[in-house]
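Work through the exercises below with the sequence and the model at hand. Each task is followed by a solution in steps.

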Amino acid sequence: MKRLNKLGLLLEPSFYLQRGYGSIAWLLSKVLAGHEAALIKKYANVSHSFEPVFIVGAPRTGSTILYQALTNSYDFLYIDNVVDYLYRNVLLGFWLSDFLYKGRAHNNFKSSLGNTRKYGLRAPSESGRFWYRWFPRENHFLDFGDVDNASLEQIQDNLSSVMSRFSAPLLFKNLNMGQRLRPLSQIFPNAKIIFCKRSPYFVVQSLINAREKLGIGSGEWWSVKPSCFEALLALPEDEMLVKQVYELEKQIYKDLSLFHPENVKIVDYEGLQARKGALLDEISAWVGGLSNRNGAVKAHISGDDRVSLPNSRVSAIKEMIEKLDWEYYTTNGL
């Protein structure tokens, strides 16, 4: 009887109207899981020359606007909010998005601290739920051996099948992946990595503003976690945030050595603001010379690099930053 009642609920249209896209996607996932598994197996074994591209960095470094600008201007594959709703079945999600939008530009450069769901189904998503199918939610840093081979193979098959089916490279912006470059290098040793950086002071200031907006208190964590984040929680808030940025970027820089130098680009936020379209074109050429996307408008890339904190707090933060060894910032990038 319980099964009959559950089936009756699933057949009731109001069930989906009340719950929105998520419930529709859940039902499609259940119905089409077997069919998609066969398609993934089919396309994952088709030879192709495409590699995924990952935008990584500390939070508040301009990674979202870079992601939005690149996906809007060039024919990258990317997880939009259609695909994100179908995160259990991304091949189906990409097919549905292509059917609805025919590869058109999203023309969206807004987000709420990286989240774009309220800005439309075509807007690019950080796709956290897709990655949480295999990677943990709580611990962001993953070393070699922390993810079993079966999971790594599933990730490889999912991404390879999409790139094979739609004949283009996949672009991801999910900052947790900057702490997961080690398992990623096992799956895609030829992946391309874009490392976003910004003046450390303004990253910390932006983190402070974001935490205040969200009501995150002292001693609480927000956003990407380095491997040592539990120890950092005991620090005063400003010092914790300086160390958060430092440790995240230090780990990324260390693990970039797992990839061929030609497959790594370091992009600073200040350069992105100054060079805009020219920088975007260089990245497109570096990936392989992608076509321009139909209907794209130019991204409005502007920053707010103004000091907004009290002078005493600014001086203290800058002093903390200067005490750390930021040697890896000298690496040449775009």
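Y201 has a relative accessibility of 5% and therefore counts as buried (under 20% relative accessible area; exposed is over 50%, partly exposed in between; 1.4 Å probe, protein chains only). The model is predicted, so local features need pLDDT of at least 70 and side-chain atom pairs pLDDT 80 or more, while totals for chains, interfaces and linings use all residues. Residues are numbered from 1 along each chain as its sequence is written, and side-chain values use heavy atoms, with hydrogens and water left out.

**Exercise 1. Aromatic pairs**

Task: Classify the ring pair of Y201 and F202, then describe the pair of F54 and W131.

Solution. 
Step 1. Take the rule: rings of Phe, Tyr and Trp (its six-membered ring) pair if their centres lie within 6.5 Å; planes under 30 degrees apart are stacked, over 60 edge-to-face, and the rest tilted.
Step 2. The count under this rule is twelve aromatic pairs.
Step 3. One of them is F54 with W131, a tilted pair with 6.1 Å centre to centre and 55° between the planes. F54 belongs to strand β1 and W131 to helix α7, so this pair ties together parts 77 residues apart in sequence. Helices (H or I, at least four residues) and strands (E, at least two) are DSSP runs, numbered from the N terminus.
Step 4. For Y201 and F202 the ring centres are 5.2 Å apart and the planes stand at 75°, so the pair is edge-to-face. F202 is buried at 16% relative accessibility.
Step 5. Both F54 and W131 are buried.

**Exercise 2. Strand β3**

Task: Which strands are joined to β3, and which way do its side chains point?

Solution. 
Step 1. Two strands pair if DSSP finds at least two bridges between them.
Step 2. Strand β1 (residues 53-57) runs parallel to β3 and is joined to it by three bridges; I55 stands opposite K173.
Step 3. Strand β2 (residues 77-78) is also parallel to β3, with two bridges, and L77 is opposite L170.
Step 4. In a regular strand the side chains alternate between the two faces of the sheet. In β3 (residues 170-173), L170 and F172 point one way, L171 and K173 the other, and all are buried.

**Exercise 3. Positive phi**

Task: Where do N107 and S223 lie, and are they buried or partly exposed?

Solution. 
Step 1. Most residues other than glycine have a negative phi.
Step 2. N107 has a positive phi, near 50°. N107 sits in the loop between α6 (90-101) and α7 (128-131), and its relative accessibility of 32% makes it partly exposed.
Step 3. S223 has a positive phi near 75°. Its place is the loop between α10 (200-214) and α11 (229-232), where S223 is partly exposed at 26%.

**Exercise 4. Residue D268**

Task: Locate D268 and find what its side chain lies 3.3 Å from.

Solution. 
Step 1. D268 is in strand β5 (residues 264-268) and is partly exposed, with a relative accessible area of 27%.
Step 2. A polar atom of the D268 side chain lies 3.3 Å from the backbone nitrogen of E270.
Step 3. D268 and S199 are 69 residues apart in sequence, and their C-alpha atoms are 8.2 Å apart in space.

Note on methods
A polar contact is a pair of N or O atoms within 3.5 Å; within protein, one must be able to donate a hydrogen and the other to accept it, and residues adjacent in sequence count only if both atoms are side-chain atoms.
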